[in-house]
Every structure is written in C-alpha cells, then in structure tokens.
Amino acid sequence: MGKYVLKRLVYIVIVFFVISFLMYALYNLIPTDPARAQLEPMRQQLKPEEYIRMYKQLRKEMGLDDHLVIRYARWMGIIKGLKGKFDGLLQGNFGYSQTFKKPVVQQISEPMKNTIFINIFATIAALGITLPLGVYCAVHKGKKFDTTVQTMSILGYSLPIFIISLIFMYFFVVRWGIFPLMGSKTPNAAYEPGSWEEFVDKVYHIALPVIVMTFASLGGMTRYVRSSMIEALGTDYIRTARAKGLREKVVIYSHAWRNALLPIITSILAWFLGIFGGSVIIENTFSLNGMGKLYWTGLNTLDFELVLAIQMFYTVVSLIGSLLIDLSYGIVDPRVRVNK
Amino acid sequence: MSKKMKNNTPKKKKRSTLARWFRQTVLRKHDIDYDNPEVIETPLKIVAQNFFAKKTAVFGVVVFLLILLVVLIGPYFFKLNLGEHEQTLIHVPPSNNMMKIPKEMHGRISDIAPGTTFGIGVDVDGKVYSWGHTRVTERIDLKDIPDEVQEADLKMIAAGMDHAVALDTNGKLMVWGNTRRSQARFTPDMEKAQKSGKNWNIVQLEAGMQVSAALDEGGYLYLWGNRSNFDLGIKREYQGNIAKIAFMANEYISLLKDGNVAYTGIKGKGSPFSKIPDELLQGKTVDIAATDRTCAGLTEDGKVYFWGRLEKGENEMPEIDSKIVKIEGGRFHYSALLENGNVVSWGNNDYNQAKAPAQVTTGGNVKELYVGNFQNYAILENGEHVTWGLSGFPLGTDNFGRDMLVRIINGGRVTMLVGAIAVVIATIIGVILGGLAGYFGGTVDIVIMRISEVVGGLPFIPFAMILSAVIGSRLDPTQRMYLIMIVLGILSWVGTCRLVRAQFFAQREMEYVTAAKAMGIREGAIIFRHILPNVFSLLLVSMTLDFATSMLTESTLSYLGFGIPLPTPTWGNLLTGANNSIIIQQYWWRWVFPAVIFGMCTICINLIGDGLRDAMDPKSTER
C-alpha cells in the first residue's frame, strides 16, 4: 500500500508541473507587456531614446526577456527569483491582482472558503440522496418507482445547470419568495464576523445554489449507481449467496454493494471535477462571491495573474480528487494493493 | 431437404411457369421464410428491433428529428438579421393579436388608430375598443380605457407609441396610457382654445412617440408631449395656414393651405426633411404622409415625391395603373389608396407590412385605409376589413426587439453545428489515440494513457474558458465559432479514447486479427479497416451521448460569455443575462422558450443514446 501511495504521489506531482507549465505557456501567448504598462504614464515626459533605454532596462529587471522555462521556474519558485530569493507559487506567492490592486492570496481567500463550503455542502447532499436512491432503484428494477426515477434522471443530466437555475429561481425566488435571488450575504448587514447570525445568513443565501447543484448532479449519479449495482446483482456470486440462503439484506449490502462501489468511486472523480466546473456557472448565475465568479471576473478584465492562480487551484483540486480516488480504491479493492 | 420435398408435391407441379417465376422473383422473401422456418436476422436488424421497441427511444428520435428539421430548414425561411434593432418592439410578449379587431367591431368600424403594437378603434356607436399588445409598463396598460372616454361620444382618436388621444364631439380632448412624459400636458393656448371654443374645430388628430398634435379647421396647429426628442415647435408664419400634418420619428411636416409642403418646425435647418422637392412647392400638393425617416407628397396629377433619409426602400414605389387619392405612412413603409378602390404598399417588408393581399390590390372595393407602424387595415365597401403586416411574434421579442423565434431557430443551428463538429473532432482524436494505444499496448499505451489522464484531469469549463479568452480575443465571431468547436473537440476526446482502447484490447486477441496479420496486411489497415468496424456500434452510442454533452458545454460557455459572442445567437447565449428577476418574471418568454427547446433537444439525444446502448447490449436481449 505504501509503495502504491508513493507511486501515485510522484505521478501527481509530475502531472502538476506539466499542467502548470502548460498553463504558464498558454498565458505567455497573450500579448501583454507589463514593462510598457508601467512606463506608459511617464512616456510624455521622456525623450524617445530615454524612453527606449528605460523600457529595455525595465524589461531586463522584470526578467521579461528570459526564456520561457526560466520564467516559469521563477514563477513556480524552483529557482531564485529576481530579488535573489525563492519567491514563487511554492512559497505561497501567487502574484498580484491588477483588477483588485492587492496580492492574489488576499483576494482569493474569502471566495475560496465560499466555494469549498458550497461544494462540500452540495457533495454531501448529492451523495446522501443518490446512493440510497440508486441502490433502491437497482433492487427494485423495472418497478414503477424505478421507471419514474429513470425518466426524471434523464431530465437531470440533460438540462444544463443554468437552465435548472433559472427554473428554480422562478419558483423559489420569484413565485414563492423563499430564498434571495442573488448575492452571498445580505447587503449592509452588520453582523459580527464569526457570529451565529452571519452563518445563518450565509446558509440562507447559499441554500438555493446548493439545491440547484444537488439537483443537477442527481440524474447522472443515480443512473450510475443504479447501473453498477444492477451489474453487481447480476453476477454469479450473488446467485451463490442467495442459494446459500443468506438474507436479502446481507446479499445486497454486503455482497453486491461492496463490489458496486468500485465503479461508483471512479465516477465520483469525474463528478467532483464537474461540480467545481459547475460552480463557475452557479456562482455567476447567483452572483456568489466564490472562486468561479472571481475567475470569470479575472478573465473578463484580463487579470491573468489572478486567473492563473485560480486555475492552479482548480488543477490542485482535481489532482487531490484523483489522489483521493486512487487511495480509496486501494482501501476498497484489495487487488489494487496486491498488484501494484 | 424440405425444398426437394416441396418441389415434388403434386400441387406444385400444376402451377404454370409464369406463376413460379413470379413467386420466385417478386415473392422470393416469402419463399425463403417458408423454407427456413428459423429466421436468421442480422445483428443490425436485432438492434433496430430492440431500439424501436422502446417507446422513449422512438419518442426521442421523432422529436429530435423534428427539432433538427426545424433548425436545418428554418433558417432559410426565418432569416437572421444580426444588426436588427427595433426600438418600438422591445420585449413584446408572445402574441398574435396585433391586428385582431374585436368581434363586436366587425362590420361597424368607424375609425381606427393603429399604434405601435396595438390598435384602438371606434365603432359606429362611438364605443372604444383596443386590441394587440397594449401593456406599456407593469402598471400602465392602454387596455384600461378611462370611463370618460368610454362614455363619451367620440369624434376622433389617435394612438402613439405608449399613449392614446381621443376627441369627443364636444371638443373635449382626453389622453390615456403612459402620461409620465408629459403626453397629457396641454399647452396654454390649447387650454384657452378648448375653453373658448375659438380655433378649436379639430379636423386632424395625430399621435407619435410620446407626442401628439391636433389641427384646427382654420389651420391652427396644437402640439404637445415630450419635447426632449421631438421638434415640437411651430414657426409663427405658418400658424393658421396648415391643412394637414404628418409625423416622422422626431419631426413633423405640414401641408399648407396653399398646396405647398413646408417644414414648419423650428429645428429644420440642415435637416434632410426641409429639402422638399420642387414639385411639391408648386401649390399642387394634395396629400402628405411620413414614415420614420422619410416623407412623401402627393400632387394633383397623382404623382408621389419622396424626400428624407431614404434607406429602407421607402421610395421604391411600384408601377400603378390608377391615380393615388390618399397616402399613409407606417414606420418604414407606405400604403396608398387608389382611385379605383385598390391599395398598394411598398417600402420595407420585414414584417410583411408592404405585402398587401390580392383582395385589396385587385379587389377594387377599398373604402378606407389606416396604417400603423407595421400594420395596415383596409376597410372594404361592405364594411369588412382586411389586414396585413405584423400581427405579432409567436415567441415574443428580446431586449432589442428581435423576434425570439428567428433567434431560437438560428441559434439552434449554431449550437447543433458546433456540437456536431466538436464531437467529430473528439471522435477522430479519440479513435486514433485509443486505437493506437489498444492495438500496440506497451509503451505507446502508457504514453497515450498518461496524456489522456492529464487532459481528463483538467477542469473542463474553466480550461475551455481560458482557451476561449486567450485565443479568442483576437478572432472575429466566425473564427471564434471554429475555435469553440476545436477547443471542445480537443478537451473531450478522453472518454472516446478509453472506450476504443478497451475495445481494441478485446478485439486484437480475436482470430480474425491473427488471420489478417498472417496474411501480411499492414497494421494501419488492420486497425482501421478490420477492427474499427467492430467497435463502431459502441462508438455510435458514445458519439450520440457526447453530442448532447458538447451542446451543453457550448451553451454553457456561451452563457458565461466565453463561447460564441452576441449578436450571433446560440441556445446558450440567448439565456445570457436572464438571471435577474425582471426577466425571469416579466419577460418570461425570453428564457422559457430557449430553455424548453434546448432541454427537449438534449433530452431527446440522451434518450436516443440510452436506447441505442440498451439495444446493442446483448444482456438486454437475454432478459
């Protein structure tokens, strides 16, 4: 097991560097010139030759003329930066946001909390509903309840999340007025930070987005759980277990369920990544102060250091997700431990 | 064996050769069935049978084909105009009643005042009716005709963009509708004239964009309303000398009592409207009319002269075999009543407003003609009415006054095209890489699978947004559409690749592959000509499901503003900005219709994909 975990860790670190390099290279395609931007206000006062000389010097100081790989290493914090010390991503320096005029780290801490909060809520809610529902449908395959759920679940995974949001907004906000339409807190509310009221207000505001996200992920997950459970129930060892006279509960939850869990775990990875991607849409639709909203703002204002940092966040989330899946594979399936 | 026996039966021998030939050629199928009771069906046939046995799948196919047909053929009939912007038709709800005169009025029409999207009419008893889209704001509705208007004995009515004016036989002037922009604020001289009755024998009542005019028999003109974008002034020398007026969008012109045309407003200097053709200054003008940006004058000999900003074909008058007696202007078109009782319409025909039906162009029995912005009403001699022009928008209009139906149909074409091409790209990449990995295995497999893990590990939506933002900023809308196709294709091949790889692993151990290898067939040919056809059925299922996914992703990107940019419509960007309560509640047609058709489309594709998968699954036939 230890060797297996180590192997996966090494692999993930490599993938992280590959992706981050790709992202960095991609950003360097953008025709921006920070040196020129910094010098532009002084342009009127300088003579042309002086301007060019200062421009060249500034480019050199900023290290803009260096090779892409060197700049990447500097940005990452693998080699020494321009000020002679390691100051990059690995040291916690995520750059400076031009839009918000403050370091990216400060800018993203609050939205990051919100996004993780929303996604964890939605994940727990979705898994809590889909797993029992899928198992129940698989056991009662072909019954009325199962067919109804199957038909409904097609709706769930066919409709884009923003259409679901609009429908829910119509009913829950406009028609019934249960939830607020937008925002992540009541405007101008004077709560003490960390107080109970603040938390309640936050939950009140994120309730509808979480409901929408849960609903959107119900369809696909339920179907997945159902089909892998059906597959497990159709195997020979289940027939054997039944022939032995085991109670149906034991057959389902002990024999079939454990084996069905394996493909389900795989699908959770894809779904978990999807839910972070989906929160970009949700946060924009509901105007929540989260990573997705910030990302959208950053892309629209071409604030690329900010965008790059958030993109790294998404990448890390997906990598950690895949690591967790691999580890849980190891726990659930003994064959993995033995073979690798 | 059975065939032999059958041929030997005496019954058979009696048949003529012709009959046998007929049986063998035309009814051969029946013969074979008879001879081989155990019917062997091709796998394809079994799949088709299974597939069509599923009601949901058939439903999906039918509805999807219908949507596809609409989306493919529709754009040829509902042409998209990207620069379309019609200020007077913003946020019109789904309607078909803009020219629907109430039943109570049929045959008893005395006067009609056509507005922008509505009409107001008076019947012979002086009762007022309204029809069409009369709602101005949430509170104001022109349908709510005040009691004093309903009770009065009306002489004249006029309807503008958001208000209506009525004059009763006692000379009392009433305004209703939107009155927030001083539509009901009469000028002091009007108040005086109304009180004294002097110079208050109104012969013409006009209403335009938040402005109105009343013309006295003695040539005295009263103008009132919103001054901010209308030339409401009257030059002193013309006052008392005006015979008729016509409203443009922001100006008006007058026909004087001496038969000349004049720009009688005060902002006429340099305006194209004050460059009146010489023929209309000879004292022989009998009628004038105006559209939004052009004017027309009719002379005694029946000739029409146009001036102003002639941009929408307002001066392209057809050949006429009779003399024009009356001319009326809409927003971008003219209609004229001829001496022989026919009607001609010309000018802009976006809403069929310049396409008069044969009944009025050749019938020769038109008595009266009323022309609104985009509507025409012709009253026949027998009291019946004929209408043509804009009757409404079946799916409403958006914030630029564009027809939602046209945008949904054209948007569907873009979304489906992008989805289809993205799937094709993804499938090609997935098949090549998956095939190579699955067939060769070993190092090739490891390298390709690592690549696919990296690509599959990228968070999809954020990454597509970045690519679109970084590369797309330098592209024009068409190139951007291609970019989105390529981005979606490049990011979504992983699933296909894994599927093909797994299939190839299973197939390459089969005998036919060994046989092909033994015959010395090139490996490329083995992969693509021998193995691939066996994988194709599963590939078809995954392509169908991926098609729905690609459409969803495209629409999501467009919804977020990183896909295909406006004004090119797609099913995604039609919903951009729909997440505010005003649109959700009041302008519901702006999100309900795109959402419904898009939802239907993806649901149907998923139903088809599910049906195909079930039909191809050998396990499902066993059950």
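A search of the whole structure, which is a predicted model, gives 19 salt bridges over all chains.

In chain A, the side chains of Asp146(A) and Arg226(A) form a salt bridge with an N to O distance of 2.9 Å. Asp146(A) belongs to helix H6 (residues 144-158) of chain A and Arg226(A) to helix H8 (residues 196-233) of chain A, so the pair ties together parts that are 80 residues apart in sequence. Asp146(A) and Arg226(A) are both buried.

In chain B, a salt bridge joins the side chains of Asp614(B) and Lys54(B), at 2.8 Å from N to O. This pair links distant parts of the chain, 560 residues apart: Asp614(B) is in helix H18 (residues 589-616) of chain B, and Lys54(B) is in the loop between helix H5 (43-53) and helix H6 (55-77) of chain B. Asp614(B) has a relative accessibility of 33% and therefore counts as partly exposed. Lys54(B), with a relative accessible area of 29%, is also partly exposed.

A further salt bridge in chain B is formed by the side chains of Glu368(B) and Lys326(B), with 2.6 Å between N and O. Here two strands are linked, since Glu368(B) lies in strand S19 (residues 366-371) of chain B and Lys326(B) in strand S16 (residues 324-329) of chain B, 42 residues apart. Glu368(B) is partly exposed, its relative accessible area being 26%.

The secondary structure of chain B consists of 19 helices and 21 strands. Chain B has a radius of gyration of 35 Å, well over the 25 Å given by the globule rule for 623 residues, so chain B is more spread out than a compact globule. Along the principal axes, the C-alpha atoms of chain B fill a box of roughly 110 × 75 × 50 Å.

Of the 623 residues in chain B, 53% are buried. Among contacts in chain B between residues at least 6 apart in sequence, 58% join residues at least 24 apart. Chain B carries 65 positive and 60 negative side chains, and 11 Å separates the centres of the two sets.

Conventions: Residues are numbered from 1 along each chain as its sequence is written. Chains are lettered from A and ligands numbered from 1 in the order in which they are written. This is a predicted model: local features need pLDDT of at least 70, side-chain atom pairs count only at pLDDT 80 or more; totals for chains, interfaces and linings use all residues. Side-chain values use heavy atoms; hydrogens and water are left out. Helices (H or I, at least four residues) and strands (E, at least two) are DSSP runs, numbered from the N terminus. The radius of gyration is taken over C-alpha atoms; the globule rule is 2.2 Å times the number of residues to the power 0.38. Buried means under 20% relative accessible area, exposed over 50%, partly exposed in between (1.4 Å probe, protein chains only). Contact means heavy atoms within 4.5 Å. Lys and Arg count as positive and Asp and Glu as negative; His and the chain ends are not counted. The place of a charge is taken as NZ of Lys, CZ of Arg, CG of Asp or CD of Glu. A salt bridge is a side-chain nitrogen of Lys or Arg within 4 Å of a carboxyl oxygen of Asp or Glu.
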